[in-house]
Amino acid sequence: MATWDFNADANGNPTNDENATVYHKGEYKINPETGTYYYETLNGKSPYGKELLTPFDIITKDGSKANDYDFFDSDGLNKSITGSIMKTTARIAPMFIPYVGPVYIAANIGLELAKVLPIVYKSTFGLADGDHSFANKIEGIAMSFDNNKVSKEGS
């Protein structure tokens with residue numbers, strides 16, 4: 001979700017003046033044309049503290065009849081108990097399929113490493129280098145495939 005990365009004035013310019021601050025760091029941005037929240041690309045920014053859109057959230061269109069049965073979708077306001085059970089089952093079941101299980105587990109371990117290694121790099125070797133855009137990109141991609149997301153109401 002698009003959020004402000006800094007305190008901004010009415011024109012969207014960074015400001016440290018509390019009296020001129022209209023948008024506060026961390027607040028959701030609103031599209032002036034539609035009046036709704038929207039997603040933006042990270043463009044090398046850190047995904048830490050951001051709400052990321054996963055490919056599983058866009059399998060079906062929000063508000064459609066198919067979305068009512070899409071148990072992978074977690075970007076709505078609520079999630080049914082049945083949907084939560086189905087999602088958990090779909091995450092665990094491949095581990096018990098012969099020949100598929102080890103590959104599935106290895107892929108999940110790789111995904112977790114792709115989330116952790118950029119953080120380790122930025123906190124050690126990256127201290128001397130101010131540009132972390134590549135590490136942020138890897139971390140953002142890995143975090144977007146995180147299937148542990150919950151609905152807004154659940155958070």
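Predicted model: local features only at pLDDT ≥ 70, side-chain atom pairs only at ≥ 80, totals over all residues.
I will start with the overall layout. The protein has three helices and zero strands, and along the sequence the pattern reads α-α-α. There are 155 residues, of which 24% are buried. Among contacts with a separation of 6 or more, 41% join residues 24 or more positions apart. The exposed surface comes to about 10700 Å², and carbon and sulfur atoms supply 63% of that.

Now the segment before α1. Let me begin with Trp4. Is Trp4 buried or exposed? Trp4 has a relative accessible area of 13%, and the cut-off for buried is under 20%, so Trp4 is buried. Trp4 belongs to one aromatic cluster together with Phe6 and Tyr23. On the face of the Trp4 ring sits Lys29, 4.8 Å from the ring centre.

How many aromatic pairs are there? The count is three. In one of them, the ring centres of Trp4 and Tyr23 are 4.6 Å apart and the planes are at 15°; stacked means under 30 degrees, so this pair is stacked. Both residues are in the segment before α1, 19 residues apart, and the pair links distant parts of the chain. Tyr23 is partly exposed, at 29% relative accessibility.

Another pair is Tyr28 with Tyr37. Their ring centres are 5.3 Å apart and their planes are at 55°, so that pair counts as tilted. Tyr28 has a relative accessible area of 37%, so Tyr28 is partly exposed.

Thr3 is also in the segment before α1. Thr3 is buried, with a relative accessible area of 10%. Setting aside neighbours within four places in sequence, the contacts of Thr3 are Gly26, Glu27, Tyr28, Lys29, Glu40 and Lys50.

Two of those names come back in the next topic, salt bridges. The structure has three of them. One joins the side chains of Lys29 and Glu40, at 3.7 Å from N to O. Both residues are in the segment before α1, so this bridge ties together parts that are 11 residues apart in sequence. Lys29 is buried at 17% relative accessibility, while Glu40 is partly exposed at 31%.

Another bridge is between Glu112 and Lys115, whose closest N and O atoms are 3.1 Å apart. Why can these two side chains be on one side of a helix? An α-helix has 3.6 residues a turn, so residues three or four places apart point the same way. Glu112 and Lys115 are three residues apart in helix α2, which means about one helical turn separates them. Glu112 is partly exposed, with a relative accessible area of 39%, and Lys115 is buried, with 12%.

The remaining bridge to describe is Lys122 with Glu139, at 2.8 Å from N to O. Lys122 is in helix α2 and Glu139 is in helix α3, so the bridge ties together parts 17 residues apart in sequence. Lys122 is buried at 17%, and Glu139 is buried at 3%.

That brings us to α3. Helix α3 covers residues 133-144 and has 12 residues. From first C-alpha to last, helix α3 reaches 16 Å, close to the 16 Å expected at 1.5 Å a residue. Which residues of α3 are buried? They are Ala135, Asn136, Glu139, Gly140, Ala142 and Ser144. These buried residues pack against α2.

Last, a residue in the loop between α1 and α2, namely Tyr99. Its phi is near 70°, a positive value in a residue other than glycine. Tyr99 is exposed, with a relative accessible area of 78%.

Technical notes. Residues numbered from 1 in each chain as written. Heavy atoms only, no water. Phe/Tyr/Trp six-rings, centres within 6.5 Å; stacked < 30°, edge-to-face > 60°. Helix = DSSP H or I, 4+ residues; strand = E, 2+ residues; numbered from the N terminus. Buried < 20%, exposed > 50% of the residue type's maximum accessible area, 1.4 Å probe, protein only. Lys NZ or Arg CZ within 6 Å of the ring centre and 35° of its normal. Expected span 1.5 Å × (residues − 1). Contact = heavy atoms within 4.5 Å. Areas by Shrake-Rupley, 256 points an atom, 1.4 Å probe, with all protein chains shown as cover. Salt bridge = Lys/Arg side-chain N within 4 Å of Asp/Glu carboxyl O.
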